[in-house]
Amino acid sequence: MSVDLEKLSKEDYKYGFTTNVEQELAPKGLNEETIKLISKKKNEPEWLLEWRLKAYRQWLTMKEPKWAHLKFPKIDYNEISYYAEPKKNPRPKSLDEIDPEIKSTYDKLGIPLEEQKKLAGVAVDAVFDSVSLFTTFKEKLAEEGIIFCSISEAVENHPELVKKYLGSVVPYHDNFFATLNSAVFTDGSFVYIPKGVRCPMELSTYFRINAENTGQFERTLIIAEEGSYVSYLEGCTAPKRDQNQLHAAVVELIAHDDATIKYSTIQNWYPGDQEGKGGIYNFVTKRGRCAGKNSRISWTQVETGSAITWKYPSCILEGDNSVGEFYSVALTNRYQQADTGTKMLHIGNNTKSTIISKGISAGHGQNAYRGLVEIGKNAYNARNYTQCDSMLIGDKCGAHTFPYIEVKNSTAHMEHEASTSKIGEDQIFYCQQRGLSEENAVSLIVNGFCKEVFRELPFEFAVEAEKLLSVSLEGSVG
Amino acid sequence: MLEIRNLHVKIEDKEILKGLNLTINEGEIHSIMGPNGSGKSTLAQVLAGRDTYEVTEGEVVFKGKDLLDMAPEDRACEGVFMAFQYPVEIPGVANNYLLREALNAKREYNGLEPLKHIDFTKLAKEKMKNLDMDESMLRRAVNQGFSGGEKKRNEIFQMQILDPSLAILDETDSGLDIDALKVVAKGVIDMKSPERSFLIITHYQRLLNYIVPDFVHVLVDGKIAKSGGKELALELEEKGYGWVEEAVNA
């Protein structure tokens, strides 16, 4: 293809810069001392340290899961530093106390922390490596009784809520990466929406990895009380580095009677370079519990970054009439690999789940959908609709689908549709004949392919997601 | 406007066009007719820039520029439009979105400001009215679930918006009932101008009852075997293509 394309594909990851701030790093290595250090840094109560240590001891007995359709060299967990915070004022009391270098980082990322500059109606929690630096609109939200803060702060100020819910959806012994996270988690967001409150703005967390040779272990907990509603969004970026970096997160959602949680992700971690060098390893456990009747949890994800994505946002549909949804776009270009999907566990009566997955593979990318729909034996009249579509761009990439369906109650209605297609030469030519460049044609067609998922995103972010997809596709044709 | 000299084209190892010559001047309507497999659609595709065909010899000059050297999108922006024989479906992409992107790409190429959303919508609605199209088609995905007639009408609609200097219609009449045919023909006639040329590829004479061509060419075995005025189309309708083919082979 033309010279222009080469130029474009080299410029594509515009979030790859590094912030020069002095940071305090925990010594490399994972042991009980490391965990004690993290817990001390965070001023944690004894019960939480014990919980972490219990997880660590469990983790020592576990093995990395091998079932995913992913290939990567062995991770040396003792070569990672598990904690990094800015030396200067890691716990700023106000915006003025934040290191200007860091503040300008967020400006560059398009996430200004000043409330008046921020998109109206979006509150932001800014997590930089292992610490949450600042949360906007906290006071305003508090007027409605909403708690939106970092998980570290929640541990200090709302220990009863954290103690009650932490590990209640993803237990500390759940899986290798979740157990690791339980031992060493550093920061993430905490959201509590009281009974009957409809959260008046979008809540969001912006995760930034900056320090070298560190891992980021975010932990997020969202609780929606009876009849409440919240829409939450997370975004993620990291600098370009030759080494792989680990991000192992756990997110737990709890929706009580008649509550709704919408959780959206725009994941744009550094994907590695053209040769597949570097990039983030993204091993994430996300699970929501529809605990109450008529509750609803909806996951929407746009995964365009990371060298490796291993992620299955799931719903446990306990409450009668509860609804679980999973809308996903996963794009792998260059040498990226993704194994992603969902689990929908139907336990209550009349529970309903919808899965729409769009996988796009370009370059040497490998993209797998893996999903489980399980209808429990006491779940009467459960319904599931699954649609997974894969699109291939070029002839060096791959798309794979691994659907698992387990039905133990004969009243269930299941629908499953799947398709795999190559991006149509005819479609590209048609657009070109109308005047669009090949790149723009591909981007237009792929965005059309993802429409059903994008329309689930909050409006401003849907626009962002479309742009991001176009940028991530650059260099994929020709 | 367009000058095709000694054009040879092959696909895989089969030669389809074997030394085709054709000159189209500003404001002229040319019709190319011919039996199946004579190379009519190949000619349209090659002019539009489809890369599955290989040009082995010859040249095509469009408005003084080497057309074959240009990318398909540049040809479009220079003013070449092709109404497809089989318009492709593009799921999830709204019809008006593609068309606005296309129009603005063309405007940008020609150093013009992009057209504002509201002005585009106004323009689109006006054109649709003339083509007896429902406005809901703007929001529908490109060609998806369109009937045969709707697809062809949509092609003419796109042509009207993009305002080309050379419009190539590749068997736009095939699969149309008589009412749709009239609408399509009217859409073309409305666009007739001294600056615009048409190349109408068709199998049958019936479209030419409505769009009267200045020249009719018969394509046989990759070459123009016979050219004439509009009366040639009637003669072909009456006698078929056999006598032209025989004359070539004689």
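Why is helix H8 (residues 176–184) of chain A largely enclosed by the rest of the structure? Eight of the nine residues of this helix are buried, so the helix is largely enclosed; a residue counts as buried if 20 or more other C-beta atoms, placed from the backbone, lie within 10 Å of its own. The buried residues are Phe177(A), Ala178(A), Thr179(A), Leu180(A), Asn181(A), Ser182(A), Ala183(A) and Val184(A). Their cover includes helices H2 (32–41) and H3 (46–60) and strands S8 (219–224), S10 (244–255) and S12 (279–290) of chain A.

The model is predicted: local features need pLDDT of at least 70, side-chain atom pairs count only at pLDDT 80 or more, and totals for chains, interfaces and linings use all residues. Residues are numbered from 1 along each chain as its sequence is written, and chains are lettered from A and ligands numbered from 1 in the order in which they are written.

Chain B holds eight helices and 12 strands (DSSP runs of H or I, at least four residues, and of E, at least two, numbered from the N terminus). Its radius of gyration, taken over C-alpha atoms, is 18 Å, close to the 18 Å of the globule rule for 250 residues, so chain B is as compact as a globular protein of that length; the rule is 2.2 Å times the number of residues to the power 0.38. Buried residues make up 41% of the chain B total of 250.

The contact between the chains (C-beta atoms, placed from the backbone, within 7 Å) takes 17 residues from chain A and 21 residues from chain B. On the side of chain A, H9(A) gives the most, with seven residues.

Technical notes:
Buried ≥ 20, exposed ≤ 12 C-beta atoms within 10 Å, placed from the backbone. Contact = placed C-beta atoms within 7 Å.
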